[in-house]
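Please look through the sequence and the model below before reading on. The report that follows takes up a pair of helices and then a sheet.

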Amino acid sequence: MFPTPVSDLAPNTYAYETTPLVKPTGFREYDARWLFEKELNLMGVQALGLGLGTLLHEMGVPLELATGHDYRAYSASIKLALITGLMAAGVRVHDIGLALSPMAYFAQFALDVPAVAMVTASHNDNGWTGVKMGAQRPVTFGPVEMTRLKEIVLAGAFRSAEGGSYRYVENFGARYLDDLASGVTLSRKLKVVAACGNGTAGAFAPKLLERIGCEVVPLDTELDYNFPHYNPNPEDLHMLHAMADKVRESGADVGLGFDGDGDRCGVVDNTGEEIFADKIGVMLARDLSKLHPGATFVVDVKSTGLFATDPELISRNVKADYWKTGHSYIKRRVTELKALAGFEKSGHFFFNAPVGRGYDDGLLTAVHVLQMLDRNPGKSMSDLYAALPKTWGSPTMSPHCADETKYGVVDKVIARFQKMEADGVAFTGQKIRDLVTVNGVRVTTADGTWGLVRASSNKPELVVVVESPVSEARMREMFHAVDAVLRENPEVGAYNQTI
């Protein structure tokens, strides 16, 4: 039998080369992420593959799986180690090679394969790796599946089986781009900055935009896994600022930025204004609800309150469902509610039938943004943005908090706000109007200003977002008040960025 994994090993030792290393904290709520070599070695990846194959067998899913890898120095080797584990569990593996995460999700449909395992660190810094997994297209694993996978792997409770096989699928990227470009025609030539942060999307996004008739202004589209400028993360202000500068310099109609594995899209308008993804979601909801009145949109709890209060959406009987942050949570909720689309502030957009297949795809999001512009020929991106009711919102801000303690801290923060509400204690000088605790806690005061605290699902961090429909000063007041509650917990460290 394959050895049972351990949680800690010293590198450059006999034990490191003969024992699987799998740190338990790498199993997140809806995917898996580790610091490669420090928290996971190649034998640990094999154990993960064996465990995933075992879980598929338990679930009664046919043992057939599509896999790909993102552009990191070590991703291909991790994928091959994963494949050996999967094959040892009897899984027939279809390898699509270098890929975006949505390309692997598309492979489930195009190749008629039930399961997926995409090797990617997403937007995490170099050194990180991970796997996004699913067995029921278009949804990916959630806490139930991830908990069971963790149990199997850490206990070494593997089921080995005959029948595993390997097939490399040639030129699958071209097939993916053909599908995205099919039937898309733009009536006006749009100049588009394509920002890829030297990540995997650089191999695919510019080609797609050119194919649908755009004039492409490339920005860091050359593949370079050292990420010499900034991490490919369209929620990060460094990337957004670079996009804004390029838009102003080139006179582009819009800037579109893609994260490391291409499942997210960030937008900068024609003036260089950086538009947070939740506001792009409102704009897309406005546009799509003209074609599909009465549609339901699923929105994560980090997102703007406009989905529920925008008069234009209300006039078309749009229903907003605020749900847990996380690509798997929103994807599953979109499928359950048969929603037209789902939006996350992080830039994950999920377009469901008839405008998509239900999974998150940054390139498809770019197509929908461009079609929205095309359907409004007399308006620029900044015009569409200016038409939204004004709110002042923060970027996503993440103070450090260890994986082992972050959920306990959030529980304390939730209890603190619940007691304040029960006791009638004012917060930022106002009555607490509402507490949403579906994912962390979102506290809203009487004037509609709100703040969110939740645990990050994929890094040792908390997540803080604030917004006010009143003023920038109220937004900042909410941030300082929320931060003061957080600082009651010494486990909370410094922020990655603040307002």
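Predicted model: local features only at pLDDT ≥ 70, side-chain atom pairs only at ≥ 80, totals over all residues.

The angle at which helix H9 (residues 277-291) and helix H13 (residues 362-374) pack is about 55 degrees, and their axes lie 10 Å apart. On the side of H9 the contact is made by Ile-280, Met-283, Leu-284 and Asp-287, while H13 contributes His-368, Val-369 and Met-372. The crossing of H9 and H13 is left-handed.

The sheet is an open one of four strands, arranged in the order S13-S12-S14-S15, and its pairing is mixed. Strands S13 and S15 are the edge strands, each of which pairs on one side only. From one strand to the next, the twist averages 15 degrees. The strands of a sheet pair through backbone hydrogen bonds, and they may do so either parallel or antiparallel. Strands S14 and S15 run antiparallel and are joined by three bridges, and Ala-341 has Phe-351 of S15 opposite it.

| Strand | Residues |
|---|---|
| S12 | 296-300 |
| S13 | 319-323 |
| S14 | 341-343 |
| S15 | 349-351 |

A further helix, H12 (residues 327-337), lies across S12, S13, S14 and S15, and the direction in which H12 runs is at about 160 degrees to S12.

Key: Residues numbered from 1 in each chain as written. Heavy atoms only, no water. Pairing = 2+ DSSP bridges. Helix = DSSP H or I, 4+ residues; strand = E, 2+ residues; numbered from the N terminus. Axes fitted to C-alpha atoms, helices over the stretch in contact; angles between N-to-C directions. Contact = heavy atoms within 4.5 Å. Left-handed = near helix turned anticlockwise from the far one by under 90°.
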